[in-house]
Amino acid sequence: MKRVVCPGSFDPITHGHLDIIGRASEIYDEVVIAVLVNREKSSLFTVEERIEMINETVKGLKNVTVDSWSGLLVDYCRANSISAIVKGLRAVSDFDYELQMAQMNQELAGVETLFMATRPQYSFLSSSLVKEIATYGGDVSAHLPKTVLDLMQTRLAEVKSGSSADNKDDEKAGR
Ligand code: ADP
């Protein structure tokens, strides 16, 4: 059985992520979406919230599961019998860093990384850009599932009114 992982912050999940996940699920027996806990990076949603949103949006994909991980991705792969990491490549700008990570992960644990070219309509799409545009009232409805869009708008309004502090990724998640 071929099990692969699609790792990332998913803060929040976009159609760009979902495209890669959906295409990977057609090739492999099982796809695990790993929400990586990054203590350095502040996030809009807690890890639990992100997992819930992802679960909601991938519920139609029967061979896709969602998990979180705090630590080295290769350790997660080893612990869960995952032989490969699947990543989307948007543009040349992604390539330098991704190549370095892929080579390091191969060196560290023999875990392979497979790159999937994004569909052109998602090549400019990132969670951070979507959040930035939405913060200033821009229309990002084409780039996110409706449930995610609604939750993001609610959260951004809370942040704006000061009723929700920036999550330090795992604070609210109790980690
Ligand atoms: P990170 O915080 O590690 O950059 P993201 O959640 O932003 O994580 O993205 C996780 C991964 O999802 C990326 O490394 C990339 O492989 C893929 N990805 C993100 N956005 C897109 C997109 N628009 N098209 C294709 N792949 C994407």
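Here is a chat about how the parts of this predicted model pack together.

Visitor: Okay, where do I start? Which residues touch the most other members of the largest nonpolar core?
Guide: Remember that we're looking at a predicted model. The largest nonpolar core has 35 residues, and Ile-33, Ile-54, Val-86 and Met-152 touch the most other members.

Visitor: And which strands and helices each supply at least two residues of this core?
Guide: On the strand side, S1 (3-8), S2 (30-36), S3 (64-69) and S4 (84-89) each supply at least two residues. The helices that do so are H1 (15-27), H2 (47-57), H5 (127-135) and H6 (146-161).

Visitor: Which residues of H5 are buried?
Guide: Those are Ser-127, Val-130, Lys-131 and Ala-134. Looking down the axis of H5, you'd see its buried residues fall within an arc of 100°, so they line one face of the helix.

Visitor: Why would residues a few places apart point the same way?
Guide: An α-helix has 3.6 residues a turn, so residues three or four places apart point the same way.

Visitor: Nice. What covers the buried residues of H5?
Guide: The cover includes H1 and H6. Just after H5 there's also Gly-137, which takes a positive phi of about 85°.

Visitor: New topic: salt bridges. How many does the structure hold?
Guide: It holds 12 salt bridges. In one of them, the side chains of Glu-49 and Arg-155 meet at 2.7 Å, N to O. Glu-49 lies in helix H2 and Arg-155 in helix H6, so this pair ties together parts that are 106 residues apart in sequence.

Visitor: Are those two buried or exposed?
Guide: Arg-155 counts as buried, at 9% relative accessibility. Glu-49 counts as partly exposed, at 23%.

Visitor: What about Lys-146, which residue does its side chain meet in a salt bridge?
Guide: That's Asp-150, at 2.8 Å, N to O. Lys-146 and Asp-150 are 4 residues apart in helix H6, which separates them by about one helical turn. Lys-146 is exposed at 57% relative accessibility, while Asp-150 is partly exposed at 33%.

Visitor: And Asp-94, what does its side chain meet?
Guide: The side chain of Asp-94 meets that of Arg-90 in a salt bridge at 3.0 Å, N to O. Asp-94 is buried, with a relative accessible area of 16%, and Arg-90 is partly exposed at 37%.

Visitor: Last one: which residues make the nonpolar surface patch?
Guide: Leu-72, Met-104 and Leu-108 make a nonpolar surface patch of about 280 Å². Met-104 lies in helix H4 (residues 92-109) and is partly exposed, with a relative accessible area of 45%.

Methods
Residues numbered from 1 in each chain as written. Predicted model: local features only at pLDDT ≥ 70, side-chain atom pairs only at ≥ 80, totals over all residues. Heavy atoms only, no water. Core = buried A, V, L, I, M, F, W, Y, C linked by side-chain atoms within 4.5 Å. Buried < 20%, exposed > 50% of the residue type's maximum accessible area, 1.4 Å probe, protein only. Arc of directions from axis to C-beta. Contact = heavy atoms within 4.5 Å. Patch = residues over 30% accessible without salt bridge, like charges linked within 9 Å, V, L, I, M, F, W, Y side chains within 5 Å. Areas by Shrake-Rupley, 256 points an atom, 1.4 Å probe, with all protein chains shown as cover. Salt bridge = Lys/Arg side-chain N within 4 Å of Asp/Glu carboxyl O.
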